[in-house]
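I set out to record what can be looked up in this structure, entry by entry. The notes follow the order in which I consulted it.

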Amino acid sequence: MDYSNLRRQIIFMKKSFFDQGYLDEQFNQLEELQDESSPNFVEEVVALFLKDSPRLLINIEQAIEKYPQDFYRLDSLVHQLKGSASSIGAVRMKNECSVLKAHGNDKNLEGCRRSLQKMKREHATLKQKLESYFQLLRQVGPRNSAVNSRK
């Protein structure tokens, strides 16, 4: 595939993430921080999120199952995941964290469980989408690797 076709595919893919509500403006802001001195900045930040977030999801699940009445513990864990998701612009993850926190505030354990399952699905989908996106970016190479296509 030639360079211009790859660029168009990357732009279309990124736009679809915004159109489908997976990412928000924070992702664009991260890309604006990327420069020649840190050409893989966004990918590295996202990779950290994708590496750390499964542990947080496991901790949230364990809190729900082992400490079902400790909504303070649950809130603290969900707050960490929400902050991590927000930092990369993962808006669906962030929103589902808010839903889970609301269920916790209502002491609705079954709602917390449902929300966690949805959060896990959102995480898996987001991971797949972002890994595909960065794979395409790597094919384009380091020159202009951040694709500034505002939605």
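My entries begin with the model itself and then turn to single residues.

**Entry 1. The model**

I noted that this is a predicted model, in which local features need pLDDT of at least 70 and side-chain atom pairs count only at pLDDT 80 or more, while totals for chains, interfaces and linings use all residues. Residues are numbered from 1 along each chain as its sequence is written, and side-chain values use heavy atoms, with hydrogens and water left out.

**Entry 2. The whole chain**

I looked up the secondary structure and found six helices and zero strands in the protein chain. Helices (H or I, at least four residues) and strands (E, at least two) are DSSP runs, numbered from the N terminus. Read from the N terminus, the order of elements is α-α-α-α-α-α.

I took the extent along the principal axes: the C-alpha atoms fill a box of roughly 55 × 30 × 20 Å. The chain has 151 residues, of which 42% count as buried. Buried means under 20% relative accessible area, exposed over 50%, and partly exposed in between (1.4 Å probe, protein chains only).

I recorded an accessible surface of about 8300 Å² for the protein chain, with 50% of it belonging to carbon and sulfur atoms. Such areas come from the Shrake-Rupley method with a 1.4 Å probe; for residues, only the protein chains shown count as cover.

I also looked up contacts, meaning heavy atoms within 4.5 Å. Among contacts in the protein chain with a separation of 6 or more, 68% join residues 24 or more positions apart.

For charges, I found 24 positive and 20 negative ones, whose mean positions are 3 Å apart. Lys and Arg count as positive and Asp and Glu as negative, while His and the chain ends are not counted. The place of a charge is NZ of Lys, CZ of Arg, CG of Asp or CD of Glu.

**Entry 3. Annotated spans**

I consulted UniProt, whose positions are given in the numbering used here, with feature names shortened; its annotations may be inferred rather than shown by experiment. An unreviewed entry gives "domain: HPt" for residues 38–133. In the model, that span is 88% helix and 0% strand, and its end C-alpha atoms lie 18 Å apart.

The unreviewed entry also lists a "coiled-coil region" at residues 109–136. I found residues 109–136 to be 100% helix and 0% strand, with end C-alpha atoms 41 Å apart.

His 79 belongs to helix H4 (residues 71–88).

I then turned to Lys 107, in the loop between helix H5 (91–105) and helix H6 (109–140). Lys 107 is not a glycine, yet its phi is positive, at about 55°. Its relative accessible area of 57% makes Lys 107 exposed.

**Entry 4. Aromatic rings**

A pair of aromatic rings is described by the distance of the centres and the angle of the planes. Rings of Phe, Tyr and Trp (its six-membered ring) pair if their centres lie within 6.5 Å; planes under 30 degrees apart count as stacked, over 60 as edge-to-face and the rest as tilted.

How many aromatic pairs are there by this rule? I counted three aromatic pairs. One of them, Phe 17 with Tyr 133, is edge-to-face, at 5.9 Å centre to centre and 70° between the planes. Phe 17 lies in helix H1 (residues 3–19) and Tyr 133 in helix H6, so this pair ties together parts 116 residues apart in sequence. Phe 17 and Tyr 133 are both buried. The rings of Tyr 133 and Phe 134 have centres 5.3 Å apart and planes at 70°, so I recorded this pair as edge-to-face. Ring pairs link Phe 17, Phe 27, Tyr 133 and Phe 134 into a cluster.

I found Phe 41 in helix H3 (residues 41–66), partly exposed at 24% relative accessibility. Apart from neighbours within four places in sequence, Phe 41 is in contact with Leu 30, Leu 33 and Gln 34.

Ser 53 is also placed in helix H3, and I found it buried, with a relative accessible area of 1%. Not counting residues up to four places away in sequence, Ser 53 touches Leu 81 and His 123.
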